[in-house]
Each structure stands twice: as C-alpha cells, then as structure tokens.
Amino acid sequence: MISDPTTDFPAFGSAQSNGAADYPGLDDWRSKPISQQPSWEDPAEFEAAVAELSSAPPLVFAGEVDQLRTQLAAAARGEAFLLQGGDCAETFAGATANKISAKVKTILQMAVVLTYGASLPVVKMGRMAGQYAKPRSSDTETRDGVTLPSFRGEIVNGFDFTPESRRHDPQRMVQAYNTSAATLNLVRAFTQGGFADLRSVHAWNQGFMKNPAYSRYEEMAGQIDRAVRFMDAAGVDFGALRRTDFFTAHEALLLDYERALTRIDSRSGLPYSTSGHFLWIGERTRDLDGAHVDFLSKVRNPIGVKLGPTTRPEDALALIDKLDPEREPGRLTFITRMGADTIRDHLPVVVEAVRDSGAQPLWVTDPMHGNTVTAANGYKTRRFDDVMNEVQGFFEVHRAAGTYPGGMHVEMTGDDVAECLGGSDPIDESAFADRYETLVDPRLNHQQSLEMAFLVTEALSHRGRGA
C-alpha cells in the first residue's frame with residue numbers, strides 16, 4: 001500500500017550489518033536450476049552493486065504487504081476485485097511526473113467504473129516501481145550479421161543495439177532501485193494528497209465520455225454520475241474518499257536484485273522482499289524445482305504465478321503445495337494467460353482440479369500475453385477484441401466451475417500511444433509509425449483501458465459462485 005507517510009511502519013532488522021536478510025534457507029535458490037538471468041561481466045562491479053542494495057532502505061514495508069495479503073484474500077472469496085495494470089517494461093526515462101500520474105490516473109478511473117459495476121471494492125495495483133526486467137526467448141539477437149546479447153530490460157542492459165548498450169551492467173540494478181524509489185514517492189503523493197478524490201476521478205471519466213465513439217457507455221456513466229451527486233448531496237464525508245490504497249508489483253525475474261532487497265521484519269522475524277508489495281513468477285520460470293519458485297516460497301509477500309495453456313492440473317496443485325503449503329488466504333494468486341482461442345478449452349480442467357483440492361487461490365486473468373500477434377507492417381501488437389474475448393472466457397469458465405474470477409492483470413499506459421489494434425475509437429496499423437513507444441510488448445492506451453473497464457463491468461455484474 002502506498003500509504004500516508006506519517007504512518008508508523010514496523011522496522012526491518014537483520015543480524016547482518018549491511019542490512020541484507022539472514023534467514024535459514026533463503027539462499028537455497030542458488031543451488032537450483034535458474035533461467036533468464038544476466039551474465040554479469042565484472043565480479044567486482046556486481047559485488048559493489050549488491051552491497052549497495054543490501055544496505056539501502058526498503059522500498060515497501062512489511063505492514064503494507066500484510067494489508068495487501070488481507071485484501072487479496074477478500075478478492076479470492078469474491079468480496080473484492082483486483083485491478084493490476086502498467087507497463088510491460090518500465091524505462092528509467094519514463095519515470096517522469098507526467099507519465100506516472102497518467103498511469104495512476106488511468107488505473108483510478110478504471111477502478112471507479114469497476115467498483116460501481118461490481119458493487120465491490122477494487123484492489124488497485126500498478127505494474128510499477130520495479131518492472132524493469134523482462135524474460136526473452138533467446139539469449140542473443142542478430143541484426144545484419146551482428147550478434148549481441150538480447151535486451152533484458154533496463155535493470156540489466158540498454159535497448160540500443162550496440163556492444164556498450166547491451167553489456168550486462170550490475171550498476172543498473174542500483175539505478176532501478178533509485179528510480180523505483182522516486183516512482184513510489186510520486187505515487188504516494190498522488191494517492192494520498194487528494195489526486196485520488198472520488199469526485200475528481202469521476203470528472204476525468206466524464207471527459208472520456210465526450211468522445212462520441214463511447215456513447216454506448218453513456219447509461220452507466222450517467223448512473224455513476226448520479227451516485228456521486230447523491231453522496232455529495234447526502235453529506236458523505238469525501239475527505240475519507242480523497243485517499244486510496246495503491247500497491248506495486250513486478251515480475252520477480254532478477255533474483256540477484258530481489259535477494260539484495262530482502263529484509264527481516266522485526267515484528268515476526270520473517271523475510272520480506274521489499275522491492276514491491278506483490279511479486280509474480282512468469283510462465284518461463286515457474287519450474288517447480290527451479291530457483292524462482294524456491295526463492296519466492298521463502299518470502300512473506302503475496303505471490304503470483306503465470307499459468308499458460310500448457311499448464312496441467314498437477315502443475316497447479318504442485319505449485320500450491322510449494323508456494324502456499326499452509327493454504328494462507330491471500331498468499332497465492334494464479335494469473336492465467338491462455339489466449340482467446342484456447343482459454344475455454346484449457347482453463348476449466350485446471351480450475352476444477354484446484355477447486356476440488358479445497359485450495360482457494362485468487363484467480364486473475366492476464367488477457368494480454370496469450371494474444372500477441374505480428375501486424376502486417378511488422379509491429380508486435382494485440383487486437384482489442386481478442387483481449388476482451390479472453391476476459392469474457394475467463395468469466396465464463398469460473399461461472400461454470402462455481403469459482404470466483406477475482407481480477408485482471410493488464411499491460412496498459414496512461415499515454416496516447418498506438419500499440420494495440422481496435423477499440424471503439426479504433427487504432428489501426430497506420431498509427432504505429434508515429435505512436436508506437438513500447439520497448440517490448442504492446443500496451444492498451446488510455447482510451448482502450450477505460451473502454452475495457454466499462455466492458456468488464458457487465459461480466460462482473462454476473463460473476464460469483466454458482467452464477
């Protein structure tokens with residue numbers, strides 16, 4: 001939670017003077033198979049970077065992480081809904097006040113629509129302040145006969161195709177930490193200083209409705225408007241609605257970084273990764289016997305796991321046993337990324353097996369990663385209709401199984417980019433040349449993100465066990 005800075009948080013302590021956590025089993029991952037990691041060239045530079053990170057203040061606090069776990073437990077029970085959104089890969093240059101505020105603003109706008117449509121609280125979470133590492137299908141990239149290391153996100157190397165830029169530089173981990181700290185400071189100011197006022201957020205959505213392309217959503221927008229006006233007229237204390245909880249999340253891909261930022265909570269004596277509130281394991285790194293699963297099984301943060309179309313029921317059950325052996329509410333989230341064409345075929349058997357086991361993870365849809373295509377002009381893109389089709393399939397599967405569809409995980413931006421095709425005010429391929437900005441995966445832009453929120457409200461109004 002990005003909280004009021006005057007709040008007192010539990011301190012972190014450690015037996016080690018440099019601040020790094022010392023806890024039994026926390027380094028077992030080092031002897032496990034590991035993938036998607038950098039090849040740091042200079043051991044001395046690496047040790048210096050790790051030492052600096054190990055002595056740095058935590059980015060998030062144990063008390064905040066525990067509050068998130070409680071809220072995710074409510075979502076798993078069908079009493080809340082998780083909205084997680086942000087960049088596919090953050091950039092250092094993108095950590096500006098304007099870009100951060102646009103992203104937060106879009107998530108807040110989406111949350112207001114979803115809250116009204118679902119009549120449930122929405123847990124707001126950004127893919128922010130840490131989403132700097134990206135998995136790659138190949139260790140190298142070749143252009144015009146020149147082969148260099150692949151771009152692995154700015155926490156590892158640069159995007160420019162030069163030997164200097166593509167060098168795996170451990171000092172970038174320190175830069176990622178500092179940029180994350182600056183991002184968190186801005187998000188705290190936005191969400192605790194009046195930027196998140198319900199009346200302001202609603203006014204932003206009225207601006208969205210001025211576009212004739214979105215006239216189909218006028219009825220719901222009008223209902224929200226009347227509800228806000230009624231609360232104001234009834235004397236509701238909007239002071240309490242000027243702030244909101246806002247959590248941060250990223251894929252825990254770079255274990256050197258995560259380990260260096262792990263601290264021991266002085267209240268419980270347990271380890272927390274202080275790089276973010278919520279961490280997830282990707283589809284490429286969820287090997288049950290691998291380093292990523294082992295390390296994240298040892299920290300107290302809520303953990304997510306991406307499940308693609310090859311996931312078998314026994315895979316999901318084994319991950320539950322490894323990551324959530326105590327079946328703790330809010331501990332484990334399954335983020336499904338099946339693809340619009342396959343979700344209705346592959347997801348039911350996994351959901352039913354988990355349901356029948358008695359476990360109750362939070363189920364979240366990632367409708368982006370299974371629907372990536374290459375446009376005719378060569379750009380990597382996604383079609384808005386495919387994204388929405390997977391969301392709809394996600395709700396259909398859970399309704400049929402009598403389980404709770406508890407959230408969505410979306411790659412989006414608050415900017416007016418052109419990276420995903422379609423929408424009511426459609427983006428076509430001709431716009432890519434001027435407005436395609438992502439370094440890795442295509443994102444929904446501001447307008448497409450808000451349209452998604454309006455469309456999802458219909459599914460949310462029919463969600464629930466046995467519905």
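**Overall form and selected residues of the predicted model**

At a relative accessibility of 0%, His398 counts as buried, where buried means under 20% relative accessible area, exposed means over 50%, and partly exposed covers what lies in between, with a 1.4 Å probe and protein chains only. His398 is placed in helix 12, which runs over residues 384-401; helices (H or I, at least four residues) and strands (E, at least two) are DSSP runs that are numbered from the N terminus. When its neighbours within four places in sequence are left aside, His398 is in contact with Leu347, Val351, Trp363, Thr403, Tyr404 and Pro405, a contact being heavy atoms within 4.5 Å.

The model is a predicted one, in which local features need a pLDDT of at least 70 and side-chain atom pairs count only at pLDDT 80 or more, while totals for chains, interfaces and linings use all residues. Residues are numbered from 1 along each chain as its sequence is written, and side-chain values use heavy atoms, with hydrogens and water left out.

The pLDDT, which is the predictor's confidence in each residue on a scale from 0 to 100, averages 92 over the protein, and 94% of the residues score at least 70. Over residues 3-11, however, the pLDDT is below 50, and this stretch has 15 contacts in the model beyond near neighbours in sequence. The pLDDT is also below 50 over residues 13-18, a stretch for which the model has 10 contacts beyond near neighbours in sequence. Where pLDDT is low, the predicted coordinates should not be read in detail.

The protein contains 14 helices and 15 strands. Its radius of gyration, taken over C-alpha atoms, is 21 Å, which is close to the 23 Å that the globule rule gives for 467 residues, so the protein is as compact as a globular protein of that length; the rule itself is 2.2 Å times the number of residues to the power 0.38. Along the principal axes, the C-alpha trace spans about 60 × 55 × 45 Å. Of the 467 residues, 58% are buried, and among the contacts between residues at least 6 apart in sequence, 77% join residues that are at least 24 apart.

The accessible surface of the protein comes to about 17,900 Å², of which carbon and sulfur atoms hold 48%; such areas come from the Shrake-Rupley method with a 1.4 Å probe, and for residues only the protein chains shown count as cover.

Met209 is found in helix 6, residues 198-209, and is buried, with a relative accessible area of 14%. Not counting residues up to four places away in sequence, Met209 touches Tyr214, Tyr217, Glu218, Ala221 and Phe454; for Ala221, which is 12 residues away in sequence, the distance from C-alpha to C-alpha is 7.7 Å.

Gly130 lies in the loop between strand 3 (122-127) and strand 4 (140-143) and is buried at a relative accessible area of 9%. With neighbours within four places in sequence set aside, Thr438 is in contact with Cys88, Glu419 and Arg443.

Gln36, in the loop between strand 1 (12-13) and helix 1 (43-54), has a positive phi near 60 degrees and is buried, with a relative accessible area of 15%. Arg327 has a positive phi of about 55 degrees, and its place is in the loop between helix 10 (313-323) and strand 11 (332-336); at 37% relative accessibility, Arg327 counts as partly exposed.

Pro309 is also partly exposed, with a relative accessible area of 34%, and is placed in the loop between strand 10 (303-307) and helix 10. Leaving aside neighbours within four places in sequence, Pro309 is in contact with Arg337, Met338, Thr342 and His346, whereas Tyr436, 127 residues away in sequence, is 28 Å from Pro309 in space, C-alpha to C-alpha.
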